[in-house]
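Subject: Structure for you to look at

Hello,

Here is the structure I said I would pass on. Please open it alongside this message and follow along; what was found in it comes after.

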Amino acid sequence: MRPLDTAPAAHTVQLRLYRQMSPEQRSALALRMSDEIREIAAAGIRQRHPEYTEAEVRRALVCLLYGRESAQRVWPDERVPAA
């Protein structure tokens with residue numbers, strides 16, 4: 001399925017390049033993309049909540065990614081702020 005924001009020709013090239021990568025290269029790319037999206041999400045939390053400390057940003061990010069219940073289990077004695 002082609003992403004809505006990618007032209008068909010660009011998507012074809014992208015798939016060809018992915019298929020040419022080794023499994024290790026694809027894994028490294030996936031990890032890098034995962035790290036980058038977490039950075040983007042944290043930046044969004046900081047923008048929406050400039051009063052949050054870095055610890056609160058971290059807790060809000062865990063809440064966003066894994067749910068409030070999971071975040072509360074990780075930090076049972078801390079307030080889990082809104083994302």
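The count of salt bridges comes to 4, where a salt bridge is a side-chain nitrogen of Lys or Arg within 4 Å of a carboxyl oxygen of Asp or Glu. Side chains of opposite charge can pair when their charged atoms come close. The model is a predicted one, in which local features need pLDDT of at least 70 and side-chain atom pairs count only at pLDDT 80 or more, while totals for chains, interfaces and linings use all residues. Residues are numbered from 1 along each chain as its sequence is written, and side-chain values use heavy atoms, with hydrogens and water left out.

One of the salt bridges joins glutamate 54 and arginine 46, with N to O at 3.0 Å. Some words on exposure are needed here: buried means under 20% relative accessible area, exposed means over 50%, and partly exposed is in between (1.4 Å probe, protein chains only). Glutamate 54 is partly exposed, because its relative accessible area is 45%. Arginine 46 is also partly exposed, at 34%.

Another salt bridge is between arginine 79 and glutamate 56, whose closest N and O atoms are 3.1 Å apart. This pair links distant parts of the chain, 23 residues apart: glutamate 56 is in helix α3 (residues 54-66), and arginine 79 is in the segment after α4 (68-74). Helices here are DSSP runs (H or I, at least four residues), as are strands (E, at least two), and they are numbered from the N terminus. Arginine 79 has a relative accessibility of 49%, so it counts as partly exposed.

A further salt bridge is made by arginine 59 and glutamate 78, at 3.8 Å from N to O. Arginine 59 lies in helix α3 and glutamate 78 in the segment after α4, so this pair ties together parts that are 19 residues apart in sequence. Arginine 59 is buried, with a relative accessible area of 10%, whereas glutamate 78 is partly exposed at 39%.

Is glutamate 56 buried or exposed? Glutamate 56 is buried, because its relative accessible area is 16%. Its side chain also reaches the backbone nitrogen of threonine 53, at 2.8 Å. That is a polar contact, meaning a pair of N or O atoms within 3.5 Å; within protein, one must be able to donate a hydrogen and the other to accept it, and residues adjacent in sequence count only if both atoms are side-chain atoms. Leaving aside residues up to four places away in sequence, glutamate 56 touches Glu51, Arg79 and Pro81, with contact meaning heavy atoms within 4.5 Å.

Now for the helix that holds glutamate 56. The buried residues of α3 are Glu56, Val57, Arg59, Ala60, Leu61, Val62 and Cys63. Cover for these buried residues includes α2 and α4. The 13 residues of α3 should span 18 Å at 1.5 Å a residue, and its end C-alpha atoms are 18 Å apart, which agrees. The expected span of a helix is 1.5 Å times one less than its number of residues. Just after α3, glycine 67 takes a positive phi of about 100°.

Helix α2 (residues 23-48) has 26 residues and reaches 37 Å from its first C-alpha to its last, close to the 38 Å expected. Leu29, Ala41, Ala42, Gly44 and Ile45 are buried in α2. The buried residues of α2 pack against α1 (8-20) and α3.

In helix α4 is arginine 73. Arginine 73 is exposed, because its relative accessible area is 58%. Its side chain makes a polar contact with the side chain of glutamate 69, at 3.0 Å.

Last, the whole chain. The protein has 4 helices and 0 strands, and from the N terminus on its elements run α-α-α-α. Its radius of gyration is 17 Å, well over the 12 Å that the globule rule gives for 83 residues, so the protein is more spread out than a compact globule. The radius is taken over C-alpha atoms, and the globule rule is 2.2 Å times the number of residues to the power 0.38. Along its principal axes the C-alpha trace spans about 50 × 25 × 20 Å. Of the 83 residues, 23% count as buried.

Regards
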